[in-house]
Every structure is written in C-alpha cells, then in structure tokens.
Amino acid sequence: MKKVESNQLKKGMQVRVNKHWLKTPFLTSKVKIKSEQDKYKLKQFEGALYVSEEKSITELGKGLSILKVAVEDCKQSQVLDNKSITKAVANIVLFVLNDASQLGVIYEKISEDSQTFRESVRLLVLIALFSKEIRLRKDKLIPFAKSAFLKDIGMSLINFDYKHEKQLSAKGLKSIHEHVELGCKALISQGVEQNVIKIIKCHHENCDGSGYPYGLIKSEIPLEARIIRIIDTYVALTSKRHYREEFSRVNAIETIYHWPC
C-alpha cells in the first residue's frame with residue numbers, strides 16, 4: 001500500500017483509511033470515491049489514507065493468469081511450468097499478506113473464470129491468511145500455499161464427467177478418488193517439489209482413517225494436509241453447487257466441526 005495525500009484523491013479511486021471503520025463515516029475501511037462529498041469526508045483522515053500500488057496489482061494479475069494457464073495446460077497436455085507457478089503463488093500470497101482489505105480485487109479479477117479455478121484461488125487466499133495467523137515461516141508458507149492450489153489438478157485428468165451428477169455411483173466415486181494419484185503423477189513428472197507432493201497426496205485423508213487414497217489416521221497425515229482438508233471443505237460448503245445452495249459461514253463451520261477431518 002502507498003500513502004496518498006488528500007489533494008491527490010480522485011473520483012473512482014479505491015482508498016483505505018488506516019482507522020477502525022467505527023471511527024469513520026464509512027461502512028468499511030476501504031472506500032471507493034464516488035463523489036466530491038466522499039473526497040471531503042476523506043480529507044479529515046489526512047495521513048491515514050492509502051491506495052494499492054499499481055505494481056502489486058499488475059503482479060497479482062500476472063500471477064492469476066499464470067495459474068489459470070497452468071490448470072488449462074495440464075488438462076490439455078499435462079505440461080506445467082513449475083517455476084512460473086511457484087512465482088505466481090508467491091505473488092498472490094504476498095499481495096494477500098500485505099493488505100487483506102484488498103481481497104475484493106482478487107475475487108473481482110477471477111469473477112468470470114470457472115468455478116473450479118475460483119475455488120482454487122479462494123483456497124489459496126484463505127491458506128495465506130491462516131498461515132499469517134499461525135505465524136508460519138515464509139519458507140514453509142509458499143510450498144503450503146502451492147499445495148493448496150495444485151491439490152485438485154488431477155480432477156482435470158479423470159475420465160468422468162462429475163460436474164452434473166447429483167449422486168455419484170460407486171464407479172463414479174472410484175474415478176473421483178483416482179484424481180489424487182493422477183494429479184501427483186503429473187506433478188512429479190513436471191518436477192514439482194516433494195514437500196508439495198507429500199501434502200497433496202494426503203489432502204483427502206481423515207484423522208479417523210475414513211479418507212482416501214491411503215486411509216491414513218491422525219499423525220500419519222501431514223499437518224498441512226489436515227489444514228487444507230478443513231479449509232477446502234469450508235470453501236466447498238460455502239460455494240453453490242448444481243444440486244444445492246451454498247451454506248452460510250456459520251452453518252459451514254458447524255458442519256465441519258462434526259466432521260472427521
């Protein structure tokens with residue numbers, strides 16, 4: 001974020017007021033200037049006004065484009081640019097950690113993309129925010145976030161159209177379960193790091209052994225995979241499906257609380 005003076009304010013600009021929103025006349029700390037009146041209201045917070053730097057927005061856009069292409073390329077040719085993906089994930093994580101109030105920028109940029117891609121990016125964002133809360137070291141954060149984004153890359157490689165099924169048959173369920181190993185195989189062939197593969201292999205395991213593909217229990221499952229399992233479930237429940245409406249945040253958390261994650 002870059003500090004901005006009140007005389008630099010312009011209509012259409014997104015401004016962050018570095019004050020608690022209850023101490024401002026606005027509903028949130030982030031304000032889009034729509035009128036001269038908005039500019040006048042913001043002037044009283046001189047010294048506490050910030051705008052997003054164009055460079056970070058540009059890097060964010062590049063990162064999202066790279067990840068989108070990565071998903072499409074894997075589906076079409078199973079080719080991934082591992083180095084570019086790592087850099088793209090790092091750019092998005094950095095954007096999120098620098099200013100969580102700018103998450104709307106990310107969601108706006110992916111609003112026209114596929115549901116699968118939107119949910120993958122949303123998971124990546126939530127993993128970054130969670131990692132900040134638990135003060136995860138930077139050298140562990142990027143592989144963790146990268147694992148979260150790539151975890152379901154194998155879904156594009158299974159020979160089964162699951163997106164319109166209300167209830168999966170045993171055969172369909174078996175095909176879905178194969179996405180973990182298919183994805184890991186594709187990622188390994190493209191040089192993706194072993195610490196990332198290790199997490200992805202276990203992201204559908206449950207602590208009681210009811211998960212797949214290995215039926216692991218408790219400490220056999222990497223902590224990162226267990227965290228992804230929980231947050232990914234939250235993302236899935238709070239997203240609309242063709243066979244159900246999205247859960248409210250409270251209902252989603254309550255449901256997850258009783259799951260064997």
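This is a predicted model: local features need pLDDT of at least 70, side-chain atom pairs count only at pLDDT 80 or more; totals for chains, interfaces and linings use all residues.
Residues are numbered from 1 along each chain as its sequence is written. Local features need pLDDT of at least 70, side-chain atom pairs count only at pLDDT 80 or more, totals for chains, interfaces and linings use all residues, and side-chain values use heavy atoms, with hydrogens and water left out.

**Exercise 1.** Find the helix that holds V235, and decide whether V235 is buried or exposed.

Solution. Start with the helix. V235 sits in α10, residues 223-237. (Helices are DSSP runs of H or I, at least four residues, numbered from the N terminus.) Next, check the accessible area. V235 has a relative accessible area of 1%, so V235 is buried. (Buried means under 20% relative accessible area, exposed over 50%, partly exposed in between, with a 1.4 Å probe and protein chains only.) Then list its contacts, meaning heavy atoms within 4.5 Å. Leaving out residues up to four places away in sequence, V235 touches E119, R122, L123 and L126.

**Exercise 2.** Search the whole structure for aromatic pairs and classify what you find.

Solution. The search gives one pair. The ring centres of F117 and F149 are 6.1 Å apart and the planes meet at 85°, so the pair is edge-to-face. (Rings of Phe, Tyr and Trp, the last by its six-membered ring, pair if their centres lie within 6.5 Å; planes under 30 degrees apart count as stacked, over 60 as edge-to-face and the rest as tilted.) Now place the residues. F117 belongs to α5 (residues 115-133) and F149 to α6 (residues 138-150), so the pair ties together parts 32 residues apart in sequence. Both F117 and F149 are buried.

**Exercise 3.** Describe the largest nonpolar core and the residues with the most contacts inside it.

Solution. A nonpolar core is a set of buried Ala, Val, Leu, Ile, Met, Phe, Trp, Tyr and Cys residues joined through side-chain atoms within 4.5 Å. The largest has 47 residues. L67, V93, I106, V121, I127 and L187 have the most contacts inside this core. Helices that each supply at least two of its residues include α2 (54-77), α3 (82-98) and α10. Take I106 as a case. Its contacts, not counting residues up to four places away in sequence, are L60, L64, F95, V96, V121 and V125. A second, separate core has 11 residues, among them L9, V15, F26 and V51.

**Exercise 4.** Sort the residues of helix α7 (residues 170-177) into buried and exposed.

Solution. G172, S175 and I176 are buried. They cover an arc of only 100° around the axis, which puts them on the same side of α7. (The arc is that of the directions from the helix axis to the C-beta atoms.) On the other side, A170, K171 and K174 are exposed. Finally, find the partner. The buried residues of α7 pack against α8.
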